[in-house]
Amino acid sequence: MTPGHVRTRAGAESRILPHVPSLASATAGLRLVRLYVASRRVPVALGALVGCSLVLRAALEWHWIPSSGPLTQQLPVLLEAGTASVIAVTTYSPFGEPERATGCWLPYLRFGTAGVLTGIAIGLLSAGAAAAHLPGGTLEVVRNVAGMTGIGLISAALISGGLSWIGPMAYLVLSEDAILNTWRTPWIWPTTPSQDSAAALCAALVFVAGAATITAWGARRRAAE
Amino acid sequence: MTSVTLPLGSKPQRIRPMRRARLLRLELRHSIMILLLPLLGALFYFDAFHKAVGYPPFWFVRSSVILHELVPDVSLFAAGVAAWTGSREGRRETVDLVTMAARPRWATALASFAGTTIWTLAAFLGCVAVLYGFTATQASWGGPPWWPVAAGAAVLCAFCALGFAAGLLLPSRFTAPLAALVTFLVLIVAFRVVLNESHPSFALLSPMNSVPPGDAGVFFHYFPDLYIVQIMFFAGIVVVVLGGLGLVTASGSRIVSRTAAVVTALGLAAVGTGMGLAGTARVEANGVVSPAVHDAASDWPITYTPVCQQGAIPVCVHPAFRAYLPDLVAALNPLINQFAGLPGAPVRVEQSSSSTTLELSVAVSSTEIGTLVGASASLTGNPPVLRLALTEVPSQPEPPSSQSLGVEQGAFVDAFIGPAGGTLGDPAQAAIEAALLHNAGSLPSPAAQAANRFAGLAPSVQRAWLATHLRALRSGHIALARIP
């Protein structure tokens, strides 16, 4: 930190990064993003997302997914829950209070990371299913991944970042049971076809709620972690 | 300045059992699994318990949800939490501190593993207690089967051990969710799909086998062979993993290394034996027979005194089905009255085991025995006696003359009018059977009603509906009520 960043209250500059973009501020911003991404282990998360995509590809290639019946949804929903869990776990912060006290850009970084990772997860799963018949199609992938990520982000805010995978996994168990028993409710969206607008709305609402929660408050930190 | 005399060699301090218990108590108090107990209870209620109460109140059928529903649900979280616990020292970067401590790292790791596993087993056994307690209030015959409980406990311990080892060896925030994901993937894909297709015998090791027929374990003992093999295999995995952890965390200690090597070898022997026994197993009507562990005494039928009720003719059932007898008599009486006086008409109806009705036992796959619906009765003897297998009965007895026993009505008519051997009849036989069932008040199934509704639509309407709903129909997303 340079002396220019520490001002007295009178005429104080409230931001560390200046309003007017400059080469130095852009570099600092990029560095901040890079450090944030590294602290959340985003590169490892990307590797896990690629792994989920490869498993989906293998499942479609070697016909692990039945061509008809309720079991067609089982494996894709499992992998979608897996990607949501991975994204949710990236919210775990190893720094805690010092970071919260000093990082005024944290809400933007949290929102950006969650949003970009969700987009990447959808893209990777869609790419894994490219040129093969994925039951439900890409629209279902978008809806399911977004909704379950929302559950994961809410779990991170309520339980903790490290244990936020519990939310999507609990929802997975509920969904698998609903699929096998042909229960129908828009709140368990994996059981409905991709054209179901009520289910899509529910998933979108949950994602928005999750993104807003994690942006505003971040992941809860437990002493036991 | 004072001088202190230090001993050259210190005596090794023996760790008292109370201190070991204290370590375990600390792990138990701080286990993350405690937080998950309400969640596991809720999932058990909505999934396994909900499904079990939909089955008839027979011990063996209801106990099938333990391995089929409860164990996969709990395994998922057990593996994840075990991985989280196992990765604790790595995530906190305290491995060096723990390795330098007085106790071997293997011992502290085993205490952590035990803490998670004990809570997992407590949750599992609590769910089993609720399930069996509820069934005890409804079942009229027999007692709770304990082999599925033992096999379920072994499976849970195995996934706890695998998750814990993954966390210890690959400490990361992502290990826990990935361990949970892989656990479900193994149960769904590895066992159900891959092994079922390429190595059918080894698929028997999967805890998620098919639901047995309604009268399983009632007329014959359901063989415990498969459970013994599964326990051997999964307990072997636990021992191998824990022994392997000892080898990894030995830190140069010869005693720990040798002990861990012996434990690992014992575990490998158990896993190999389990796989070998699964390879020699064969599926029979009353369960899976593994010749090496099979007890010939379990082949004998269970003795019982039938319960009878006089309708148009005597109708007798196994005491376990006592609650269904009034319904059965009410359902069969209209048919018996139509056949009375005709040549070959039955003079008595007796319940038979589905496993002894040869035409019923159809091998659907290596892990499933299916039943031919509509062929579950046969006329034998002179005077003729109708032997009726009750394989599909509702969870609770419903009022007489309800359609709950429509399958049994169909089987009765099929046995009397249709061809022998349970094969499908010709169109004339089918027409007469349908007319007799109609006279007896047997309504068509909900699927047949939906088919009639759809067939009554104009072709253009049918085509338009198919164009809109074909994808959902193919993927199994259309409920019967949504068919126009």
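**Strand pairing in chain B of a predicted model**

User: How many bridges join strand E4 of chain B to strand E5 (residues 348-352) of chain B?

Analyst: This is a predicted model, in which local features need pLDDT of at least 70 and side-chain atom pairs count only at pLDDT 80 or more, while totals for chains, interfaces and linings use all residues. Residues are numbered from 1 along each chain as its sequence is written, and chains are lettered from A and ligands numbered from 1 in the order in which they are written. Strands (E, at least two residues) and helices (H or I, at least four) are DSSP runs numbered from the N terminus, and two strands pair if DSSP finds at least two bridges between them. E4(B) and E5(B) run parallel, and the number of bridges joining them is two.

User: Which residue of E5(B) is the bridge partner of B:Val315?

Analyst: The chain passes from E4(B) through helix H11 (residues 325-339) of chain B to E5(B). In E5(B), the partner of B:Val315 is B:Val349.

User: Do E3(B) and E4(B) run parallel or antiparallel?

Analyst: A hairpin of three residues links E3(B) to E4(B). B:Val307 has B:Val317 as its bridge partner in E4(B). Four bridges join strand E3 (residues 307-310) to E4(B), and their direction is antiparallel.

Notes. Right-handed = clockwise from strand over helix to strand, strands pointing away.
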